[in-house]
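Please look over the sequence and the model shown here before reading the briefing. The points that follow are grouped by topic.

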Amino acid sequence: MTQSVTLRRPDDWHLHLRDGAMLQAVASFSRHFGRAIIMPNLMPPVVTGAQAAAYRDRIRAALPAEVTLRPLMTLYLTETTDPADVLAAHAQGIISAVKLYPAGATTNSASGVRDFDKVRPVLEAMAQAGIPLCFHGEVTDPSVDIFDREAVFIDRVLEPIRRATPGLRVVMEHITTSDGVDYVSGNDDIGATITTHHLVINRNHILAGGIRPHYYCLPVAKRETHRLALRKAATSGDVRFFLGTDSAPHPDSAKESACGCAGCFTAPNTMSILAQVFEEEGAIDRLEGFTSLNGAAFYHMPPNEDRIRLIKHDTPADYPTHIAAGDETVTVFDPGFPLYWHLEDPA
Ligand SMILES: NC(=O)N[C@@H](CC(=O)O)C(=O)O
Ligand SMILES: [Zn+2]
Ligand SMILES: [Zn+2]
């Protein structure tokens with residue numbers, strides 16, 4: 001008997017599409033999504049409404065005509081961001097959210113925030129206008145162990161900012177710990193994205209039996225208990241948790257290096273992997289909430305009207321192991337198991 005599941009078209013609430021040749025190479029791998037929150041950590045970053053509008057137009061131009069993916073733009077918050085520009089970009093429908101990177105926390109985050117008091121006026125304006133703030137939730141204090149940086153961020157940064165700015169709606173991006181799950185579950189005005197890869201790998205996958213640069217991302221995958229907590233949260237039906245793939249392509253030459261950069265490229269096979277994960281958890285009926293309903297509700301947008309279908313076959317789906325991007329290659333995330341769920345689009 002063939003198993004199949006029909007979902008409202010999913011959305012990706014955290015996606016890196018990059019720019020230039022990389023954008024051209026990766027954009028259509030996200031074609032099965034209805035909308036995607038586009039991360040602004042380009043070099044240089046997307047900091048003004050005008051830059052966001054120009055980047056949105058480059059993304060649209062990179063997508064084939066038949067692809068319906070709608071890019072939802074974000075601004076990269078800096079200590080000199082002008083609250084009036086944020087409000088205007090939002091009022092004009094150019095941006096859907098603002099992204100806060102603690103300076104130095106992750107790829108292209110050097111222009112991020114060091115002194116959180118400096119961004120208080122912007123955050124207050126955002127709270128008033130109902131503009132969501134997306135956090136890369138890790139402290140950068142070198143004395144904090146890399147595996148503890150998310151938990152420490154909650155206590156030192158997230159909770160104080162939320163207390164000081166009542167009504168600010170925040171998304172804790174790509175949570176990786178049970179601390180993140182517990183914090184989000186116990187609060188209002190907060191949502192969390194969970195990536196595909198953090199539902200699949202723990203830190204052993206990166207480090208045991210040889211170092212695997214294509215499993216290295218930030219926040220770094222944690223121990224198995226945390227992966228299990230993420231799987232439980234994603235499949236729980238709690239509307240605060242939704243999909244943000246954090247698909248983050250890098251050239252293989254930059255990953256397979258003495259100082260390899262962070263990011264997993266999961267756009268091509270994300271939906272097949274998620275169907276497998278949700279099936280394993282006995283929660284295939286909750287996949288739609290996670291991929292297609294909860295995030296839209298958080299962003300106060302209607303769910304997509306059209307549907308996609310996933311069908312379980314006897315033979316694994318055929319995904320590329322690498323794609324070409326200009327003169328470079330990019331490795332596609334390998335979940336380590338065969339993918340029997342095939343995406344059929346449209347239903
Ligand atoms: N997640 C990652 O490991 N990398 C992202 C940045 C980010 O989302 O933190 C990237 O831009 O490559
Ligand atoms: Zn991040
Ligand atoms: Zn990201």
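**Overall fold**

Contacts between residues 24 or more positions apart make up 71% of the contacts in the protein chain with a separation of 6 or more, two residues being in contact if their C-beta atoms, placed from the backbone, lie within 7 Å. This is a predicted model, in which local features need pLDDT of at least 70, side-chain atom pairs count only at pLDDT 80 or more, and totals for chains, interfaces and linings use all residues. Residues are numbered from 1 along each chain as its sequence is written, while chains are lettered from A and ligands numbered from 1 in the order in which they are written.

- The protein chain holds 11 helices and 13 strands, where helices (H or I, at least four residues) and strands (E, at least two) are DSSP runs numbered from the N terminus.
- Its radius of gyration is 19 Å, close to the 20 Å that the globule rule gives for 347 residues, so the protein chain is as compact as a globular protein of that length; the radius is taken over C-alpha atoms, and the rule is 2.2 Å times the number of residues to the power 0.38.
- Taken along the principal axes, the box filled by the C-alpha atoms of the protein chain is roughly 55 × 45 × 45 Å.
- Of the 347 residues, 49% count as buried, meaning that 20 or more other C-beta atoms lie within 10 Å of the residue's own, whereas 12 or fewer make a residue exposed and values in between partly exposed, with C-beta atoms placed from the backbone.

**Annotated binding sites**

- In the unreviewed UniProt entry, one "binding site" annotation covers His14, His16, Lys99 and Asp246. These residues span 233 residues in sequence, yet no two of their C-alpha atoms are more than 13.3 Å apart, so they gather at one spot.
- The UniProt annotation "binding site" (unreviewed entry) also covers Lys99, His136 and His174. This set spans 76 residues in sequence, but no two of its C-alpha atoms are more than 12.7 Å apart, so its members gather at one spot.
- UniProt positions are given in the numbering used here, feature names are shortened, and annotations may be inferred rather than shown by experiment.

**Individual site residues**

- Lys99 lies in strand E5 (residues 95-100) and is buried, with 26 other C-beta atoms within 10 Å. Leaving aside residues up to four places away in sequence, Lys99 touches Met39, Pro40, Thr74, Leu75, Tyr76, Leu77 and Cys134.
- Asp246 sits in the loop between E9 and helix H9 (252-255), and counts as buried with 27 C-beta neighbours inside 10 Å.
- His174 is in the loop between strand E7 (170-172) and helix H6 (178-185), and is buried, having 28 C-beta neighbours inside 10 Å. Beyond residues up to four places away in sequence, the contacts of His174 include His14, Thr195 and Asp246.

- The residues around ligand 1 include His16, His136 and Asp246, a residue being near the molecule if its C-beta atom, placed from the backbone, lies within 6 Å of it.
- The shell around ligand 1 divides into four nonpolar, six polar and one charged residue; Ala, Val, Leu, Ile, Met, Phe, Trp, Tyr, Cys and Pro count as nonpolar, Asp, Glu, Lys and Arg as charged, and the others, Gly among them, as polar.
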